[in-house]
Amino acid sequence: MLKIENLNKSFGGIKAVDNCSFEIKEKTITALIGPNGSGKTTIFNLVSGILKSDSGKIIFSASGGDGKDITDKSIEDISNLGISRLFQQTRLFNNLTVRENLLLAIDNEDTKFLSAFVPQYRGTSADKRNKFEEKIQEMLELVGLSAQGGSASGGAKFQNVLARDLSYGQKRLIELSRAILNPHNFLMLDEPVSGVAPRLREKIKEILIVLKEKGETILLIEHDMNFAFKISDDVVVLEKGRVIAQGKPEEIKNNPRVLEAYLGN
Amino acid sequence: MISAYLIHLLILVGIYAILAVALQLAMGFTGLLNLGHIAFYCVGAYISALLALAGWPFWFCFLSAGIGAMLFGFLLAIPTNKLKGDYLALATLGFSFVIYAVALNWTGLTRGPLGLPGIPKPSLFGFVFSGNLSFLFLTLAVALISYLIIKKITSSQFGKVLEAIRDNELAVRVLGKNTFKMKSYALGISAFFAGIAGSLYAHYITFIDPSSFTLLQLIPVIAIVIIGGLASLKGTVIAAVVLVLLPEPLRFIGFPSSIVGPARQMIYALLLLLILVYKPKGFYGKIELE
């Protein structure tokens with residue numbers, strides 16, 4: 001589904017990504033791990049178009065289609081080709097409600113100016129809009145936020161809470177929901193469980209398992225080894241911008257090169 | 001006499017309300033700290049005045065003022081697309097200086113500091129708005145329509161995308177939305193309404209010169225937007241009324257006119273400072289800026 005070939009990226013004199021190559025198979029969860037500064041987030045930024053590469057190729061094929069070279073395409077184009085992303089730092093629209101945050105991910109017609117005056121121009125029928133609402137409700141159910149306060153009305157009220165008033169854990173879940181609702185074939189999650197309580201960590205693990213069962217392809221960055229090994233089918237290990245190992249979690253666990261990279265000599 | 005004075009003030013309230021509501025769309029809703037707003041007002045005033053002096057009917061001058069300013073808005077959006085915050089403020093400020101310099105120095109077109117006198121009073125369908133009362137109704141009607149259009153935009157899903165850009169532009173782009181297009185719309189529409197405010201001003205005063213479009217004229221507009229509250233249209237209108245009327249009592253306590261002018265600017269600046277320190281969201285503001 002995603003093939004990275006000889007990718008390079010430097011910042012000044014520092015090589016953040018050094019001749020990096022690996023492949024992500026369809027309908028798998030792949031963990032991208034490595035010590036701090038090993039280039040994980042830089043690779044995410046290169047794939048999602050936030051950074052331009054120095055050289056190398058990124059090939060993406062959506063659901064069995066032909067591979068497309070997406071190297072250095074714009075952020076918007078990459079998203080519209082079917083790559084959705086969660087950031088390490090929370091990037092919610094803080095002055096919008098939970099519902100508005102999620103609706104922005106689903107509704108692709110909202111950037112048409114005339115739609116502000118002529119609803120028909122949106123090409124979004126009432127039926128479609130109802131489906132959007134259903135999707136939002138389903139997503140809130142999936143992440144366990146559909147009935148805040150223990151009731152359906154609590155859930156409806158929750159949709160109207162401003163994002164800035166949410167707890168950190170709730171923000172993380174809403175941001176994860178937004179990434180999932182954004183139409184995609186490939187999901188990139190940058191440390192989805194960083195800084196969340198153990199219970200929420202388990203919840204996010206469950207969500208990722210449900211997504212995998214639904215046939216999603218996921219690439220995730222994770223520092224928590226136990227979490228990464230438990231959930232992933234494949235693991236790619238980076239050190240100083242290079243891939244030092246790739247394989248099944250069991251193989252990676254006992255790889256001396258990986259242990260050295262993490263624990264030193 | 002007092003009523004004529006009050007009508008004059010209400011006309012100014014209307015013009016400032018249009019300018020401020022337009023700036024609110026770019027600044028409060030889309031997060032574009034646009035200090036070039038006064039340049040759009042200037043472009044609209046000059047386009048309308050020049051066309052009217054060339055004999056074109058008011059409706060044509062009025063619409064051309066809006067459309068001309070809007071084109072400048074789109075134009076400004078291109079080089080400033082990647083700029084944010086202070087950098088955007090400086091770039092747009094530079095744009096307002098450029099427009100001011102053109103108005104001052106392109107004497108063949110604008111007559112430079114001599115200004116353009118004799119701009120005709122507006123007329124629509126044979127009715128000439130020669131009296132100030134009729135002009136007040138025209139201004140209030142334009143202000144109301146401008147308010148309703150911007151209200152419609154900001155409360156639509158399109159408006160929510162603009163607000164999302166204000167809150168986190170990168171996250172909007174990652175959702176596959178073209179933020180350059182959206183910001184251009186916001187700046188263009190904002191410029192359109194500033195342009196028609198400029199047209200109203202030119203046809204009301206019947207004389208314009210570059211000194212009406214300096215940075216000093218922008219301070220009250222920014223003060224209205226911030227004191228009313230970012231992303232609040234209601235707050236903007238209330239602040240427009242209060243801030244235009246607030247310095248007026250200075251005229252009646254015997255200060256010479258050489259003091260009244262600077263004192264007015266000082267009041268705006270002081271109010272702005274106090275609000276930013278003690279009530280950063282303004283009176284009706286909904287948003288908290290990062």
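**Two helices in chain B**

I began with H10(B), which passes H12(B) in a left-handed crossing; a crossing is left-handed if the near helix is turned anticlockwise from the far one by less than a right angle, and right-handed if clockwise. Helices here are DSSP runs of H or I with at least four residues, strands are runs of E with at least two, and both are numbered from the N terminus. I noted that the model is predicted, that local features need pLDDT of at least 70 and side-chain atom pairs pLDDT 80 or more, while totals for chains, interfaces and linings use all residues. Residues are numbered from 1 along each chain as its sequence is written, and chains are lettered from A and ligands numbered from 1 in the order in which they are written.

How do the axes of H10 (residues 215-228) and H12 (residues 257-278) of chain B cross? They come within 10 Å and cross at roughly 30°. Axes are lines fitted to C-alpha atoms, for helices over the stretch in contact, and the angles run from 0 to 180 degrees between N-to-C directions. From H10(B) I listed Leu216(B), Ile219(B), Pro220(B), Ala223(B), Ile226(B) and Ile227(B) in the contact, and from H12(B) residues including Tyr268(B), Leu272(B) and Ile275(B). Contact means that C-beta atoms, placed from the backbone, lie within 7 Å. Ala, Val, Leu, Ile, Met, Phe, Trp, Tyr, Cys and Pro count as nonpolar, Asp, Glu, Lys and Arg as charged, and the others, Gly among them, as polar.

**A helix pair in chain A**

Next I looked at H3 (residues 98-106) and H4 (residues 126-142) of chain A, whose axes come within 10 Å and cross at roughly 115°. H3(A) passes H4(A) in a right-handed crossing. Arg99(A), Leu102(A), Leu103(A) and Ile106(A) of H3(A) meet Phe132(A), Lys135(A), Ile136(A) and Met139(A) of H4(A). This contact has 6 nonpolar, no polar and 2 charged residues.

**Domains of chain A**

An automatic or database domain assignment gives the bounds: domain 1 of chain A is 2-92 + 184-263, and domain 2 is 95-165. I found their C-alpha centres 29 Å apart. In the contact, 4 residues of domain 1 of chain A touch 5 residues of domain 2 of chain A.

**Where the chains meet**

The contact between the chains takes 23 residues from chain A and 26 residues from chain B. Which helix gives the largest share of the chain A side? H2(A) does, with 4 residues. That side of chain A has 8 nonpolar, 8 polar and 7 charged residues.

I then checked Ser79(A), which is in H2 of chain A. Ser79(A) counts as buried because it has 23 C-beta neighbours inside 10 Å. The cut-offs are 20 or more other C-beta atoms within 10 Å for buried, 12 or fewer for exposed, and partly exposed in between. Beyond neighbours within four places in sequence, Ser79(A) is in contact with Ser84(A), Asn182(A), Val174(B), Leu175(B) and Gly176(B). Phe186(A) is 107 residues from Ser79(A) along the chain, yet their C-alpha atoms are separated by 9.6 Å.

Is Gln157(B) buried or exposed? Gln157(B) is buried, with 20 other C-beta atoms within 10 Å. Leaving aside neighbours within four places in sequence, Gln157(B) is in contact with Asp107(A), Asp110(A) and Ser115(A).

**Helix spans in chain B**

H2 (residues 37-53) of chain B has 17 residues and reaches 25 Å from first C-alpha to last, close to the 24 Å expected at 1.5 Å a residue; the expected span is 1.5 Å times one less than the number of residues. In H2(B), 15 of the 17 residues are buried. Gly55(B) follows H2(B), with a positive phi near 100°.

**Positive phi outside glycine**

Asn6(A) has a phi near 50° and lies in strand S1 (residues 2-11) of chain A. With 12 C-beta neighbours inside 10 Å, Asn6(A) counts as exposed. Thr206(B) has a positive phi of about 65° and sits in the loop between H9 (179-205) and H10 of chain B. Thr206(B) is partly exposed, with 14 other C-beta atoms within 10 Å.

Notes:
Contact = placed C-beta atoms within 7 Å.
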